[in-house]
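Have the 3D view open as you read.

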Amino acid sequence: MSADSTLVEVELKLFLQPDQKETLQAGMSVHQEKAFWDTYYDVPSHVLSCQDWWLRQRGANWELKVPWFGGHDSRGTHSYEEVVEHSEILGRLGEILGENIATEEFVSMEAILKAIGLAPFARLHTARTSLRASDDVAASFGVRTLQVDMDTVTFDPSFAEQELAAKKGAGEPFVLAEVEVVTERQQEAVNAAEEAVDLFLEEWGLKTAPTAYSKLLEYMSRLRPTHLDALGRVGIVPDVALAQRSNGLAQVSAL
């Protein structure tokens with residue numbers, strides 16, 4: 001996939017109440033149910049995550065999520081480019097790390113990443129039910145597809161800081177929902193997708209749902225607080241997420 005064809009994912013994470021979940025389940029069809037492991041990579045100095053870059057391995061697939069500038073709104077919608085071709089991922093990593101990454105045929109991504117100092121820092125398991133609006137409903141919001149992912153997440157403590165792997169509550173599931181629209185890599189299209197998400201919330205009675213933070217931030221809240229603090233210092237972590245961490249990160253289990 002070329003840079004010009006890279007898609008942008010416009011997403012909004014929410015904590016839903018039971019009645020809001022029931023409304024979505026009644027009005028949207030189940031598109032897919034699946035479970036998967038995600039492993040996230042960075043260098044020890046957190047160069048990627050401190051710039052809101054997220055390199056993820058999901059099964060045999062790799063993805064680099066890079067912020068789409070101008071794609072965050074006051075409601076909490078976030079927009080990211082999704083880079084999936086190995087050559088482009090390595091090219092982007094070379095730019096941000098100041099590395100000339102040499103690639104050889106038949107060399108695995110893991111070996112290349114290890115050679116330039118990237119290593120796993122988080123591993124998460126997600127059980128996901130994806131709900132999808134009908135084509136007519138999506139079209140009424142001005143987009144081709146609109147999806148809501150309902151996730152139940154558990155955490156592998158293998159990459160925890162210090163003794164936190166045994167911390168009480170570290171193994172409790174984390175639940176959240178994500179409204180998602182995938183669109184073209186053009187500012188006008190991203191703006192339209194953000195507007196579609198906002199209209200969807202209004203029409204489906206979700207305006208009162210609290211904005212959630214990501215499952216990866218929850219992982220760091222429980223198991224990598226020093227890493228999380230580094231993100232907070234550079235403004236990557238919302239103040240509300242840091243406040244919730246300091247208050248013990250009370251779990252929302254509405255899903």
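Which ring does the charged end of arginine 123 sit over? It's the ring of tryptophan 37, with the charged end 3.9 Å from its centre. A charge counts as sitting over a ring if NZ of Lys or CZ of Arg is within 6 Å of the ring centre and within 35 degrees of the ring normal. Arginine 58 does something along those lines with phenylalanine 36, lying over its face at 3.8 Å from the ring centre.

## What you're looking at

This is a predicted model, where local features need pLDDT of at least 70 and side-chain atom pairs count only at pLDDT 80 or more, while totals for chains, interfaces and linings use all residues. Residues are numbered from 1 along each chain as its sequence is written, and side-chain values use heavy atoms, with hydrogens and water left out.

The mean pLDDT (the predictor's confidence in each residue, from 0 to 100) is 86 for the protein chain, and 85% of its residues reach 70 or more. Go carefully with residues 247-255, where pLDDT stays under 50. For that stretch the model has 24 contacts beyond four places in sequence, a contact being heavy atoms within 4.5 Å.

## The overall build

The protein chain has 8 helices and 8 strands. These are DSSP runs numbered from the N terminus: helices are H or I with at least four residues, strands are E with at least two. Of the chain's 255 residues, 49% count as buried, and the cut-offs are under 20% relative accessible area for buried, over 50% for exposed and partly exposed in between (1.4 Å probe, protein chains only). Among contacts between residues at least 6 apart in sequence, 72% join residues at least 24 apart.

## Salt bridges

A salt bridge here is a side-chain nitrogen of Lys or Arg within 4 Å of a carboxyl oxygen of Asp or Glu, and by that rule there are 17 of them. Take glutamate 9 and lysine 65, whose side chains meet at 2.8 Å, N to O. That pair links distant parts of the chain, with glutamate 9 in strand 1 (residues 7-14) and lysine 65 in strand 4 (residues 61-67), 56 residues apart. Glutamate 9 counts as buried at 6% relative accessibility, and lysine 65 does too at 13%.

Lysine 65 also meets glutamate 11 in a salt bridge, at 3.3 Å, N to O. Glutamate 11 is in strand 1 and lysine 65 in strand 4, so this pair ties together parts 54 residues apart in sequence. Both of these residues are buried.

Over in another pair, aspartate 38 bridges to arginine 56, with the closest N and O atoms 3.8 Å apart. Because aspartate 38 lies in strand 2 (residues 29-42) and arginine 56 in strand 3 (residues 54-58), the pair ties together parts 18 residues apart in sequence. Aspartate 38 is buried with a relative accessible area of 0%, and arginine 56 is buried at 13%. As for shared partners, salt bridges join Glu9, Glu11, Lys13, Lys65 and Glu178 into one network.

## Aromatic pairs

The structure holds 8 aromatic pairs. Rings of Phe, Tyr and Trp (its six-membered ring) pair if their centres lie within 6.5 Å; planes under 30 degrees apart are stacked, over 60 edge-to-face, and the rest tilted. Phenylalanine 141 and phenylalanine 200 pair edge-to-face, 5.9 Å centre to centre with 80° between the planes. Both are buried.

Phenylalanine 155 and tyrosine 219 are edge-to-face as well, at 5.6 Å centre to centre and 80° between the planes. They link strand 7 to helix 6 (residues 215-223), 64 residues apart. Elsewhere, Phe15, Phe174 and Tyr213 form one aromatic cluster.

## Nonpolar cores

A nonpolar core is a set of buried Ala, Val, Leu, Ile, Met, Phe, Trp, Tyr and Cys residues joined through side-chain atoms within 4.5 Å. The largest has 28 residues, of which Leu16, Leu24, Met28, Leu146, Val179 and Phe200 touch the most other members. Strand 1, strand 7, strand 8 (174-183) and helix 5 each give two or more residues to this core, and helix 5 supplies the largest share, 6 residues.

Leaving aside neighbours within four places in sequence, valine 179 is in contact with residues including Val10, Leu12, Leu146, Val197 and Phe200. A second, separate core of 26 residues includes Phe15, Leu124, Leu216 and Leu231.
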